[in-house]
Amino acid sequence: MTSCLESIQSFNCVWFETGEKRNVLASMLAGTLFFVGWWFIIDAHAKYPSEMSNAYHLCGVFGTISLFMINSVTNAQIRGDAYNGGYLGARGARGWVFIGFVMGFAAVFAACWILFANFVAAGAQHNWPGVGLFLQNVFIFLGSLTYKFGRLEEL
């Protein structure tokens, strides 16, 4: 995934070296994206509680479970470098991450469906609850991608 971007030359910033800090920065960015995503839905629910059904929160719950599923498996386990045995090995790790990605995409698509079906097309008085739900799931999914692909593997 990152090999296509390795040939790009960029200027090094003297005061901001990320070499040793890449894992820390990726974790901080992913946590911030996750926090901002949940902040959107908390704000939407606090401002318009009568327009937010409790069932809408299932999208965010499944997005959060997806984040945990995707990031509980290291890249070395997916490649098969970290397993010495086990029942499923690298194939099980790949299947687990695939199911996590499917859950994340499903949460984003369900939030998009809710936004357009229940708020935009239905002519709701306020669209912010649907937009907040959609942004929540997009930010959670971006946080999981940032953490998964932004970290360097420990050698």
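**Burial and overall layout.** I began with burial: 32% of the chain's 155 residues count as buried. I note that the model is predicted. Next I looked up the secondary structure. I found 5 helices and 0 strands. Along the sequence the pattern reads α-α-α-α-α. Then I checked how far apart in sequence the contacting residues lie. Among contacts with a separation of 6 or more, 73% join residues 24 or more positions apart.

**Helix H2.** I turned to H2, residues 57-71. This helix has 15 residues. From its first C-alpha to its last I read 21 Å, close to the 21 Å expected at 1.5 Å a residue. I then listed its buried residues: Cys59, Gly60, Gly63, Thr64, Ser66, Leu67, Met69, Ile70 and Asn71. What covers them? The cover includes helix H1 (22-47), H4 and H5.

**H1 against H2.** I looked at this pair next. The two helices pack at an angle of about 170°. Their axes are 12 Å apart. An angle over 145 degrees counts as roughly antiparallel, and H1 and H2 are therefore roughly antiparallel to each other. On the H1 side I noted Phe34, Trp38, Ile41 and His45. They meet His57, Gly60, Val61, Thr64 and Leu67 in H2. I sorted the residues of this contact: 5 are nonpolar, 4 polar and none charged.

An α-helix has 3.6 residues a turn, so residues three or four places apart point the same way.

**H4 against H5.** I moved on to H4 (residues 89-120) and H5 (residues 128-150). They pack at about 165°, with axes 8 Å apart. That makes H4 roughly antiparallel to H5. I recorded the crossing as left-handed. From H4, the contact uses Phe101, Gly104, Phe105, Ala107, Val108, Ala111, Cys112, Ile114, Leu115 and Phe119. From H5, I listed Pro129, Gly130, Val131, Leu133, Phe134, Asn137, Val138, Phe141, Leu145 and Phe149. How do these residues divide? I got 17 nonpolar, 3 polar and no charged.

**Gln136.** Is Gln136 buried or exposed? Its relative accessible area is 1%. Buried means under 20%, so Gln136 is buried. I then looked for its partners, leaving aside neighbours within four places in sequence. Gln136 is in contact with Gly37, Trp38, Phe40, Ile41 and Gly60. Three of these names were already in my notes. Trp38 and Ile41 of H1 and Gly60 of H2 also take part in the contact between those two helices.

Terms used:
Residues are numbered from 1 along each chain as its sequence is written. This is a predicted model: local features need pLDDT of at least 70, side-chain atom pairs count only at pLDDT 80 or more; totals for chains, interfaces and linings use all residues. Side-chain values use heavy atoms; hydrogens and water are left out. Axes are lines fitted to C-alpha atoms, for helices over the stretch in contact, and angles run from 0 to 180 degrees between N-to-C directions. Helices (H or I, at least four residues) and strands (E, at least two) are DSSP runs, numbered from the N terminus. Angles under 35 degrees count as roughly parallel, over 145 as roughly antiparallel, 65 to 115 as roughly perpendicular and the rest as oblique. A crossing is left-handed if the near helix is turned anticlockwise from the far one by less than a right angle, and right-handed if clockwise. Contact means heavy atoms within 4.5 Å. Ala, Val, Leu, Ile, Met, Phe, Trp, Tyr, Cys and Pro count as nonpolar, Asp, Glu, Lys and Arg as charged, and the others, Gly among them, as polar. The expected span of a helix is 1.5 Å times one less than its number of residues. Buried means under 20% relative accessible area, exposed over 50%, partly exposed in between (1.4 Å probe, protein chains only).
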